[in-house]
Each structure stands twice: as structure tokens, then as C-alpha cells.
Amino acid sequence: MENSPLNLSEIQFGATILYFRKERKMSLGQLADAAGLAQETLKQLESDELHPAEELLLLLSQALDIPYQVFILEATLRTDSENKEENKTRSALQPVFNFLTRKLILE
């Protein structure tokens with residue numbers, strides 16, 4: 001995990017955590033327990049009040065049974081989509097992401 005090519009501090013992870021938690025039909029408490037977190041900490045992560053360290057992102061992706069790279073990619077795309085100029089990038093990559101999600105995670 002060292003020398004990550006992305007600047008993770010610029011990525012907002014809250015919406016991604018919430019998206020995958022709901023996709024997995026997990027309650028806040030279930031995910032908090034699975035990741036070894038307090039519910040309040042998870043609530044702060046989902047609302048972007050707290051920014052997770054890379055090690056915590058790995059724990060969350062494991063607790064959600066999501067490949068770490070897919071987790072980071074989704075969060076990056078969601079963060080980029082907040083910038084109107086980046087919407088074209090997300091639109092172009094969305095079909096690829098949807099395919100990977102179905103094939104790698106949801107099936």
C-alpha cells in the first residue's frame with residue numbers, strides 16, 4: 001500500500017462506503033462490526049466528516065467484500081464527478097465500471 005500513485009487525501013470516500021454498504025444490504029452496525037470500527041466512526045466516514053487512512057480503506061473494502069482497487073476506483077470516479085469537467089471521464093468509464101462491478105463483485 002505504500003507509494004500509492006493516487007493522492008488519497010483528495011478523494012471523498014463517504015458516498016462510496018455508503019453505496020457499497022447499501023449494495024451489500026448491511027446496516028451501519030454490521031459494517032462497523034465487520035471492519036472493527038465504532039458505529040460513530042463509520043457514520044463520520046460516510047458523511048466525509050472523517051477521512052480514512054489507507055489501512056482503514058483496506059479494512060472497509062475487505063469487510064464489504066469489494067476488491068480494494070474497485071473500491072478506490074469507485075471513490076475516485078465519484079469524487080471526479082463532482083467536478084463538472086470530469087463528468088465526461090466518468091461517463092466514458094461508467095460502462096467499464098458497471099461491467100467490472102457485475103463480473104467481479106455482484107455475481
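Predicted model: local features only at pLDDT ≥ 70, side-chain atom pairs only at ≥ 80, totals over all residues.
**Exercise 1**

Find where R21 sits, and work out whether R21 is buried or exposed.

*Solution.* 
- Now look at the relative accessible area, which is 11% for R21. Buried means under 20%, so R21 counts as buried.
- Next, check the neighbours. Leaving out residues up to four places away in sequence, R21 touches M26, S27, L28, L31, E46 and L64.

**Exercise 2**

Which residue forms a salt bridge with R21, and which parts of the chain does the pair tie together?

*Solution.* 
- A bit of background: side chains of opposite charge can pair when their charged atoms come close.
- The partner of R21 is E46, and their closest N and O atoms are 2.6 Å apart. The cut-off is 4 Å, so this pair makes it as a salt bridge.
- Now place both ends: R21 is in helix α1, while E46 is in helix α3 (residues 39-46), so the pair links parts that lie 25 residues apart in sequence.

**Exercise 3**

How many salt bridges does the structure hold? Find the one that involves R78, and describe its partner.

*Solution.* 
- The count is 2 salt bridges.
- R78 pairs with E74 through their side chains, at 2.4 Å from N to O.
- Both residues belong to helix α5 (residues 68-81); they are 4 residues apart, so about one helical turn separates them.
- As for E74, its relative accessible area is 2%, so E74 is buried.

Notes
Residues numbered from 1 in each chain as written. Heavy atoms only, no water. Buried < 20%, exposed > 50% of the residue type's maximum accessible area, 1.4 Å probe, protein only. Contact = heavy atoms within 4.5 Å. Helix = DSSP H or I, 4+ residues; strand = E, 2+ residues; numbered from the N terminus.
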